[in-house]
Amino acid sequence: MNMKKIIILLLSLLLCASFLTANEKKIDLNNATLEQIKALPITNQQAMAIYDYRTYLGFFESIYDLTKVREINQKTMNKLKDYVIIRPYTDYSETAQRRDQIHYLLRQLSSNEGSQEGVADLWKNLLITPINVNTATFRELHNIPTVCASDVKAVLKQRRLEDFSDYRNLRNSPGLTHYGATRLNHYISYQPSTTKKLLFNYNFEFANSPFREETEEVLRESFVPDSVSSKFSMWGRYNLDNANPNISHKFRARYESKFNFELDAKLFRKLGETNSINPFAPDDDLSDLLDNNSKYSFTADLTPYDTKIILGNYRVTYGQGLVMQNSDYFNRRGTGYGFNKRVIGIFPDMSSTEEFAFNGVAVEHTNHLFDASFFYSKDKKDAVIWDSNGNDSLDTNDDIFYYILSTPRFSNKELENSEEYFNQYRPYLEEPLPRILMAPRQDYLEEKTMGGHIDVSPLLGTNIGITAYEARYNKHFNVANYDSLADYLLTDPDYYNDKLGMTDTDISSLYSTKTDSYTRDYRRVYGFDWLTTFKNLTLKGEYAELEVDGNPLKLGDDPKAIVATGYLNFENLNFLMLYRNYDLKFDNPYSRAFSEHERFYGSILEKQYYLKNPLVSQIYYNSPWSQPEEGIYIESRYRFNRHLTLTRAYLDIWQRKSDDRLSVRFQGELDYRPIYQISLRLKQKLQTNRAQDDFSRSVSKTSETTFKFRNYLTNRDRLQLEYRHMQVWMAPYTNLTDPAEPGDPNQNAPILPTGNVLNHGNYIAASYIHNFNEYSRIEGSILFWNGHGTSHWDWEDMEIDFMGSEGMKYWFSIYDRISSNLSIFFKYKIKHFKDNSLYLRQYNEPIEGNDYVAQTKHKVSSVRLEVNWNF
């Protein structure tokens, strides 16, 4: 289908949207949002009165019930007859009503650059079992998504005068913004629970989504390069074209009374793994299942004593995530505000985190004056090992290069058998390759982690905290210096030595427990954090150090890192400024602080085809660690009026520590609404890498322009059209654009040596959401793109997808709450795309025969199924 036909199709959809808007003008007052009610031809005071009546007194049974609202007279009601309808509302229990909100709210959170992995479970718990606003601590309210510290302080100040009886009472708190109040209202209650509850939840997930593109490239990389046989790659050897799907079973039982108790368990198998997850398997298989494919936790919340105890798997986060945030996932530009908020404290962990999961005991005491917590974990970690003892083999006495998050997570038996097989052929190639003496190993490292956090609150809205942890190891981390990296990592150190660059100091700067100066079996990180509010200004930050050879009581003599933020929050404006500075040698594996890129970005680990073992490159591709960098980030949102909003604008200027590369990134989006039902959005993104040197080969400049048309229909239905154009400018490879020898009178360069490289791409999409009723919804999208050297991406419901060079895809998802306790989510996606076309060459010389590889067409489909049962 050519672009002309696509445009005609989308214009037809636009006309249909206009028709639907014209025929679905009336809004249902029993389901309308506050913004929809405000769009009616009435005053804001009357709109708020209708909304509050429906929220706190009851639903409308007919249009004539509007006269029960004090601010609505007969004349106003007659005027509204042409704009509103009343649909019956079925009454459910409070818990059932809250379950209805979960999927909708989580989709909202995800659509704003994605929710943080693992945090969604915590917010689900808050939705189902809300906290009592009249007894909640500052931290408990501040952990609620998108609620800022100044709003929490306003609530607690008002609570000192009297308890809150309802939302209207809460909304009248001086200094509390409307946005903060509405967000709080989803997660709080106003009365203590007087009934004992026993709640059960079972969640099943199935997904056979394909591997990420870079993961597939690593797995397809041959260990015997002269052969085209797929059996010499991990992909072909383990038939990953037919990889096992991702499956998980989650169980939760919660008993609520004076004391709250919760039991969580999870059985899982990730994409491509071969482990059995049958709990009724023989003893040996059951032992493997419990060790590698399960998580569990028991939580005792002793509310009268303000104490929580967790046994099993748990999640720990403090401050800005600089000292401690044990997650397997990288969250780009995690500011700690809005939709990137960190949930502070300890919580049971049933997320997909494996490598940095904690398993042990954690205790937390929280009150209005101070918070204190302690944790201890003993867990095995995957690692890349190398032949440190020089016996020409990999064994249990070898040292560790670094942690690794492998995809898929091959067993040690699979890895060792593959290495033995590949090593039979590598020495006998035309250009012999050495044996594989660097490789990942499952559960190679035993790590015992002990730490804690304490913070005090001398004033309302002010906290000062200290965090520290020590990790003890049964193996040594041993990383080569920069001069030895080639011998350490590369297939042919002599030939590829020039491929190493300054960015590879990111590798040589990693922490070692065995050096010429010392030998130890631990890593220690400590720091302090702060938070204070003054009216609508919030200041917070964190400072941390990795103990190497300095004095623990002296600041600045060891590798260090700092994050500091200031946040202004008004009714229609917020403004954020963030400064970060991470030393190159600050190697804290549990740091997840704000960063533009993952650690090892731009290093040799990004180029699996140069490495002795391509699997080692997954250290970078699955990196959850923040890149060492220094920079200033500024972000703002401003609502000019009811028609025009600057939804988000940010500017980030940062310098990568490994090679001092300066980068600048700007993004801004305007939302114009001529009427409430129509939204026109224009977004512009600009980024320059190596901004200080236009003559550097690594300079690049990106421009991305996006236009969105949204049509909001009744009953939360929505139709959206989107067009995106991207350009990427790069400096030329002069040895490719003008390969003739200097002084050659016959040189006929086909391209001028001063020519630039300009890649461009286009993306066009149509998406829709239709709610059949309050319990059933369908959502989907169809899109077309061409890359021409650029990379496109797309948000799919609650997932992000990166596309290839050129193609199209469509997907749809269905959510249905079959009963008050059972819901099903189903998603189907199919994608047609092409690889890049390739030109083969030797260095400055043509090759014999065919020098062109055409684009290869691919077709992939995937299914995702989720069943959620509450009883």
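This is a predicted model: local features need pLDDT of at least 70, side-chain atom pairs count only at pLDDT 80 or more; totals for chains, interfaces and linings use all residues.

Reader: Okay, so why is Asp455 called buried?

Author: Its relative accessibility is 7%. The cut-off for buried is under 20%, so Asp455 counts as buried.

Reader: And what makes Arg472 partly exposed?

Author: Arg472 has a relative accessible area of 32%. Buried needs a value under 20% and exposed needs one over 50%, so Arg472 is partly exposed. Asp521 also comes out at 32%, so Asp521 is partly exposed.

Reader: How do you know that Asp455 and Arg139 form a salt bridge?

Author: Their side chains meet with N and O 3.4 Å apart. The rule asks for a Lys or Arg side-chain nitrogen within 4 Å of an Asp or Glu carboxyl oxygen, so this pair is a salt bridge. Asp455 sits in strand β14 and Arg139 in helix α7, 316 residues apart. Arg139 has 11% relative accessibility, so it counts as buried.

Reader: What makes Arg472 and Asp521 a salt bridge?

Author: Their closest N and O atoms are 2.6 Å apart, and the limit is within 4 Å, so they qualify. Arg472 lies in strand β15 and Asp521 in the loop between α17 and β16, so the pair ties together parts 49 residues apart in sequence.

Terms used: Residues are numbered from 1 along each chain as its sequence is written. Side-chain values use heavy atoms; hydrogens and water are left out. Helices (H or I, at least four residues) and strands (E, at least two) are DSSP runs, numbered from the N terminus. Buried means under 20% relative accessible area, exposed over 50%, partly exposed in between (1.4 Å probe, protein chains only).
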